[in-house]
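Me: I would like a close look at one part of this model. Please answer at some length and keep the parts connected.

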Amino acid sequence: MVQNNWRGPVVDEYEFDICAGCSFYPCEYIGEFTKFMENHSRPPDYDSLDGNILLSEWDEANKIIKTVGATVVEIDGRMIEESTPTEVVDNRRSTGFLSYDRVGLQNGCIMGPRYVRQVECGRKSVADGIGDHYQVQLDFDYRIEENVPDRWEPKQPVVLSAQTGQGKNYFIENFLIPYLEDLNYRNKTKFRILIISNRLALKRQMEIHIRDQDNDNEKDEQKIYSFKNVADVMTYQGLLNKKEFLERVQKKKRSGYLFVICDEAHFFTSDAIFNPYTQEILSFIVVLFKKAIRIYMTATPYECLQYICEHEEYPPVFYHFQRDYSYLNVKAYSEIRELYDDIIKGVNRAEKWLIFIDDKAKCQRVKDELEEKGEKMGISLQNDDSKAGKVYAVSADSKNDEIYKLIVQEEKLVKGIQVLITTSVLDNGVNLTGIDHIVVSDMSKVKCLQMVGRARKNGSNDSKTLYLKRFDKKYVADRIHDLKEQRKAYHDFDLAYGDLNDQFFSRNRDEYSFLFKYFHGNETDWKNAKHWFGRLQEEPVRLFPNIIARYLLDRYLSMYEYICQEMEDELKRIEASGQKIKRLPGQKYLEHQLSWFGKEYCADDDQTLCDKDKAEKEFLDFLKLYSEEKGCIDDEEKEVFKKEFTRLHDAAFPREDKNKSRNYGINLMNKILEKKSLNYKVESHSKYWQVVDFIRNPDNTGQK
């Protein structure tokens with residue numbers, strides 16, 4: 001095993017202690033942090049709300065004092081001022097903030113030399129970055145020789161960290177497979193490559209489904225498909241069901257799998273929260289294929305790399321290719337409805353959209369709303385020459401849908417479809433060509449980058465528009481609630497089967513309570529348990545949780561709780577400022593997301609603010625219309641007025657009634673108008689209401 005030969009050049013001076021000795025410096029972590037801090041180093045007149053902390057407090061967990069105008073941190077027992085609004089970039093050396101994922105970085109950067117053998121590849125193609133390192137040498141017993149300089153070997157795994165489109169699959173098809181064919185010819189062996197991949201296997205399945213409509217999806221996931229002459233492809237999900245077969249294959253001396261490729265390796269962590277088998281699958285791969293060269297490929301190694309390192313015996317060789325998102329024009333939004341006008345007008349210009357939504361039911365709802373909005377705008381979203389419209393939404397039945405199969409197989413929008421609305425299930429599925437706009441709606445860096453990667457860049461001159469969602473406190477609080485429910489389930493499991501014991505219950509009683517709640521209780525508990533606890537074929541009675549998911553829970557909870565508190569502080573500052581500055585809670589995290597792509601926040605590219613400007617004008621025009629032309633609002637028209645007032649207000653401002661389906665009454669309407677200093681009032685008379693404009697009617701008796 002080669003140790004030092006993998007190291008690239010190391011710089012003389014590092015800006016952060018966490019980066020010392022790193023060949024990747026400055027990597028995207030540092031680039032993101034620098035960009036994020038630049039976004040918060042603007043002069044106070046531009047960003048007077050975000051530049052200061054409203055309340056002084058000691059944050060024991062992070063050893064930080066928050067004060068007005070500065071942040072003070074504890075470093076080596078000393079209290080050091082971290083920053084002021086105008087000096088934050090110059091003082092970033094002493095900050096402890098490199099990521100919202102503080103648990104993930106508490107032991108240092110997983111991409112650093114402490115954990116991996118680094119190979120800095122810049123913006124090369126994957127094949128150029130690897131060179132001839134994959135060309136192994138066999139000994140007399142047809143085993144791969146060890147300790148050969150600059151050559152891969154089984155006990156040192158390989159990680160390829162490269163952005164979508166840099167040639168990971170091209171390297172396999174045009175370099176690795178031809179090399180193995182030649183190796184077999186020269187040595188009279190029959191070695192093969194195993195590719196474990198949702199993507200390639202899914203594509204092969206779709207080809208089969210198109211020919212045979214009666215195929216069983218679940219059975220297909222367990223199959224091994226031949227690819228080229230020396231490669232086999234199968235899904236991660238089918239791997240555990242082929243244990244005995246794969247064990248027999250690997251015992252053969254002159255055949256078996258010489259290379260095992262884990263495509264989209266972020267699967268081990270990105271699916272862990274809802275797939276109880278990802279840790280078992282990773283452990284199985286490491287143990288079963290210990291005599292093969294294990295290659296982990298992903299565009300987003302930030303989470304999965306830690307768990308790969310923990311399962312492997314030796315530090316992996318880590319090829320890191322720099323990201324480039326200069327082709328993206330990034331805009332912000334808060335609600336998908338803010339984009340409807342742009343989507344419909346884009347469809348009218350023959351542009352193509354890829355929209356990620358968080359659940360299938362909402363996918364269909366957005367499709368319906370787009371089509372309804374298109375009719376009102378006089379732009380049809382139907383196709384004359386196809387049974388499908390221009391908008392296609394993924395549903396629970398899409399796997400068997402002819403159109404979806406063609407999209408997956410051909411890797412482009414087909415049959416006149418211009419808008420694909422899908423859940424993140426597609427982010428491990430296919431890379432689509434010809435996409436002009438990408439809409440993402442997730443807080444996870446890994447998921448966002450994967451979603452963006454699904455729209456393949458076409459040449460050096462290609463550009464795309466990315467829409468990033470700004471999240472509010474409620475969304476984050478809901479995520480925290482869901483994660484705590486899952487953590488509670490793991491605690492109940494430990495009481496029933498683990499090291500914990502409940503002094504008020506016997507072990508049998510704890511087991512009964514656990515099984516009754518999660519496997520005989522309400523539908524929600526049962527559905528959750530299916531994703532949180534697994535069973536293996538050899539031990540079908542025994543339940544087990546996903547260890548990776550348990551580790552991730554602590555990381556995610558820490559991160560989301562920090563973000564939630566940050567949003568609460570933002571809201572306090574906005575409410576306390578008394579200034580009409582268009583800043584929304586969630587702005588800081590949005591700017592953190594922008595830093596993933598090396599972008600800065602620009603109000604001109606904020607669809608929420610643009611939409612709010614338009615919505616505020618429509619609301620004021622509505623009030624003006626009633627005050628100047630409509631006159632009296634009689635009993636029959638009151639309900640219509642209340643409904644329209646509520647709709648237009650909520651489009652322009654945050655809702656003022658917790659009951660989302662209730663229209664505002666006259667008292668609440670007047671409180672809203674006074675709170676926003678809009679100079680209007682809805683006066684109630686014996687038989688009618690009247691909207692009064694105090695500027696145009698200064699002598700009105702209702703004047704404030």
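Which residue in S18 is the bridge partner of His437?

Reply: The bridge partner of His437 in S18 is Thr465. This is a predicted model, in which local features need pLDDT of at least 70 and side-chain atom pairs count only at pLDDT 80 or more, while totals for chains, interfaces and linings use all residues. Residues are numbered from 1 along each chain as its sequence is written, and side-chain values use heavy atoms, with hydrogens and water left out.

Three bridges join strand S17 (residues 437–439) to strand S18 (residues 464–469), and the two run parallel. Strands (E, at least two residues) and helices (H or I, at least four) are DSSP runs, numbered from the N terminus; two strands pair if DSSP finds at least two bridges between them. S17 and S18 belong to an open sheet of six strands with parallel pairing, in the order S13-S18-S17-S14-S16-S15. At its edges stand strand S13 (328–333) and strand S15 (391–393); each has a single partner strand, so one side of each is left without a neighbour in the sheet. From one strand to the next, the twist averages 15°. Angles run from 0 to 180 degrees between N-to-C directions, with axes as lines fitted to C-alpha atoms, for helices over the stretch in contact.

Helix H11 (residues 340–348) packs on this sheet, touching strand S14 (353–356), strand S16 (419–422) and S18. Contact means heavy atoms within 4.5 Å. The direction of H11 makes about 150° with that of S14.

Another sheet can be described in the same terms. Three strands form an open sheet with antiparallel pairing, in the order S21-S23-S22. Its edge strands, S21 (632–634) and S22 (680–684), each pair on one side only. Neighbouring strands here are turned by 25° against each other on average, direction ignored. Five bridges join S22 to the antiparallel strand S23 (residues 688–693), and Glu683 stands opposite Gln690 in S23. Helix H22 (residues 666–675) packs on the sheet and touches S22 and S23; its direction makes about 160° with that of S22.

H22 also meets helix H21 (residues 635–652): their axes come within 11 Å and cross at roughly 35°. Phe641, Lys642, Phe645 and His649 of H21 make the contact with Met669, Ile672 and Leu673 of H22.
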